[in-house]
Amino acid sequence: MLICVSGVFFAGASLAQHTPGKGLKDYYGTMFPIGVAVSSRALQGNEGQFILSQFNSVTPENDMKMGVIHPREHEYDFKRADAIVDFAVRNGMKIRGHTLCWHSQVAGWMFTDNKGDTVSKATLLQRLKEHITTVVTRYKGKIYAWDVVNEAISDSHDEFYRNSAWLRICGPEFIEKAFEWAHAADPQAVLFYNDYNEIDPIKRTKIIRMIRELRNKGVPVQGVGLQGHWAINEPSREQLENTFADFATLKIPLQITELDISVYPKEHEARARRANDYDTSFTKEKDIAQAAQYQVCFEIFRKYKALLTGVTFWNISDRHSWLDDFPVRGRKDYPLLFDRNFQPKKSFQAVVDF
């Protein structure tokens with residue numbers, strides 16, 4: 001049967017109860033934008049129309065990452081990133097740029113010379129400057145916010161910065177330079193530091209300390225991105241309340257940048273498949289537990305709406321999620337508000353029922 005979601009028809013089962021023609025973004029229109037991570041391919045056809053019906057902000061999931069957009073030293077590939085930006089501009093959507101500097105998904109040439117040797121600090125910083133200046137300038141006036149530096153803080157409690165190639169070659173200076181160059185390329189863009197596992201109080205303390213130190217030096221860190229890769233068993237209400245209260249002391253905008261809630265208990269490291277991983281059915285129990293967790297999260301988001309300037313889901317529906325391959329490769333997960341047929345789940349109702 002065909003189901004109409006906000007004027008768009010999809011095949012699937014009956015809908016959860018919500019106001020016909022009213023998308024997720026409309027429930028939060030007076031609070032903050034509701035975004036989604038997309039690929040350029042996802043913007044085509046009915047899926048693109050579905051995105052427009054539910055969201056008013058987009059983030060490129062992978063198409064602006066350094067390895068994709070800058071695969072070789074003197075070569076940029078803007079085709080897919082341009083398609084996302086053009087779609088958003090054409091439809092009056094906000095755009096978050098993701099991401100200018102990250103330890104992962106970087107082409108190997110960035111850190112080596114033509115002999116395969118590690119480049120000097122001066123060379124690497126110059127390459128980073130050229131990359132940031134080129135990319136940010138291209139989208140100046142279209143992308144309102146950038147994740148400038150992603151995941152620079154270590155998860156290890158006895159280590160401050162992540163031991164990345166950026167840190168080993170440049171030291172922590174690469175962080176402040178990245179923000180300075182992004183600001184020079186587009187002074188109007190809001191510049192975010194983005195990280196995960198923000199509910200861990202030790203890592204959170206390190207993130208806050210770093211941002212305070214940078215801002216005290218005049219580095220234009222203007223917002224904090226809390227990724228929000230959570231699960232049915234974490235964060236607790238208390239953990240999330242403490243997280244927001246701590247970050248609120250920075251007195252700069254906060255955003256939830258990569259929200260999803262796994263239906264499996266949280267695991268932070270990849271692992272091999274076990275016997276109990278083969279049953280990946282989306283049970284009633286999982287549905288209820290996930291909805292309860294989403295309800296708690298959005299209650300706190302609404303409480304902090306004066307500081308929270310955006311919530312972005314990491315992927316569109318349960319049809320596809322990066323969690324389908326993490327922490328267990330090939331274990332289907334159901335972390336979003338819409339099922340594989342784009343139908344609202346109990347979690348959708350939990351988010352909009354306030």
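Is E234 buried or exposed in this predicted model? With a relative accessible area of 16%, E234 is buried, where buried means under 20% relative accessible area, exposed over 50% and partly exposed in between (1.4 Å probe, protein chains only). The residue is placed in the loop between β9 (229–231) and α9 (237–248); helices (H or I, at least four residues) and strands (E, at least two) are DSSP runs, numbered from the N terminus. Residues up to four places away in sequence aside, E234 touches I199, Q239, K266, H268 and Q293, a contact being defined by heavy atoms within 4.5 Å. I199 lies 35 residues from E234 along the chain, and the C-alpha atoms of the two are separated by 8.8 Å.

The model is predicted, with local features requiring pLDDT of at least 70 and side-chain atom pairs counted only at pLDDT 80 or more, whereas totals for chains, interfaces and linings use all residues. Residues are numbered from 1 along each chain as its sequence is written, and side-chain values use heavy atoms, with hydrogens and water left out. The average pLDDT (the predictor's confidence in each residue, from 0 to 100) of the protein chain is 94, and 94% of the residues score at least 70. In residues 1–18 the pLDDT is below 50, and this stretch has 52 contacts in the model beyond near neighbours in sequence. Where pLDDT is low, the predicted coordinates should not be read in detail.

The largest nonpolar core comprises 100 residues, such a core being a set of buried Ala, Val, Leu, Ile, Met, Phe, Trp, Tyr and Cys residues joined through side-chain atoms within 4.5 Å. Helix α7 (residues 173–185) gives the most to this core, with seven residues. W146, F174, F301 and F313 have the most contacts inside the core. Beyond four places in sequence, the residues touched by F313 include L24, I34, F55, L259, Y294, F298, L336 and L337.

Two helix pairs were examined, with axes taken as lines fitted to C-alpha atoms, for helices over the stretch in contact, and angles running from 0 to 180 degrees between N-to-C directions. Helix α5 (residues 121–138) packs with α7 at an angle of about 30°, the axes lying 9 Å apart. The two helices are therefore roughly parallel, since angles under 35 degrees count as roughly parallel, over 145 as roughly antiparallel, 65 to 115 as roughly perpendicular and the rest as oblique. On the α5 side the contact involves residues including L125, L128, I132 and V136, and on the α7 side residues including F174, A178 and W181.

For helix α8 (residues 201–216) and α9, the axes come within 10 Å and cross at roughly 15°, so that α8 is roughly parallel to α9. R204, I207 and I208 of α8 meet N242, T243, D246 and F247 of α9.

Several backbone features were also identified. A cis peptide bond, with omega of about -5°, joins H98 and T99; T99 is placed in strand β5 (residues 94–102). Another cis peptide bond links F326 and P327, with omega of about 5°, and P327 lies in the loop between β11 (308–313) and α11 (346–352). Q105, which is not a glycine, has a positive phi of about 50° and is found in the loop between β5 and α5. With 34% relative accessibility, Q105 is partly exposed. K251, in the loop between α9 and β10 (254–262), has a positive phi near 60° and is exposed at 72% relative accessibility.
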